[in-house]
Amino acid sequence: MRSGNIKEIHNFEDLFGTRNCIATMELPTQLDALIQNMPANSKYTAEYFIYKHTLFPFLAAFIQEGRVNKIIKTMRKMVKVLFLT
């Protein structure tokens, strides 16, 4: 799908409300911002993207439950770096 933006950075502004992000599929962040910028009454949630469109479910099987919750929180919020250690 085409956005009509000339530069990719403008897509980030439209989707996340900032230019300061890096798009990754493994463990993305700023998912709450993405959800806020979606059309009203959208069926998508941050949890939907986390569990259906990232590698998180595969990694979560090997991580302690407390750490899993921290990772989900990090993926939802605007955090610059996500560490798995």
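Modeller: A word on labels before the details: helices here are DSSP runs of H or I at least four residues long, numbered from the N terminus. Keep in mind that this is a predicted model.

Now the charges. Side chains of opposite charge can pair when their charged atoms come close. Searching the whole structure turns up 3 salt bridges, and Asp32, Glu47, Arg76 and Lys77 are linked in a network of them.

Start with arginine 76 and aspartate 32, whose closest N and O atoms sit 3.0 Å apart. Arginine 76 is in helix H5 (residues 65-76) and aspartate 32 in helix H2, so this pair ties together parts that are 44 residues apart in sequence. Aspartate 32 counts as buried because its relative accessibility is 15%, and the cut-off for buried is under 20%. Arginine 76, at 26%, counts as partly exposed.

Aspartate 32 also pairs with lysine 77, with 3.2 Å between the closest N and O atoms. Lysine 77 lies in the segment after H5, so its bridge to aspartate 32 in H2 joins parts 45 residues apart in sequence. Lysine 77 has 42% relative accessibility and is partly exposed.

Arginine 76 has another partner, glutamate 47, and here the closest N and O atoms are 2.4 Å apart. Glutamate 47 belongs to helix H3 (residues 46-52), so this bridge ties H3 to H5 across 29 residues of sequence. At 31% relative accessible area, glutamate 47 is partly exposed.

What else goes on around H2? Isoleucine 35 has its place in that helix, which covers residues 31-36, and is partly exposed at 24%. Beyond its neighbours within four places in sequence, isoleucine 35 is in contact with Tyr44, Thr45, Ala46 and Phe49.

How values were computed: Residues are numbered from 1 along each chain as its sequence is written. This is a predicted model: local features need pLDDT of at least 70, side-chain atom pairs count only at pLDDT 80 or more; totals for chains, interfaces and linings use all residues. Side-chain values use heavy atoms; hydrogens and water are left out. Helices (H or I, at least four residues) and strands (E, at least two) are DSSP runs, numbered from the N terminus. Buried means under 20% relative accessible area, exposed over 50%, partly exposed in between (1.4 Å probe, protein chains only). Contact means heavy atoms within 4.5 Å. A salt bridge is a side-chain nitrogen of Lys or Arg within 4 Å of a carboxyl oxygen of Asp or Glu.
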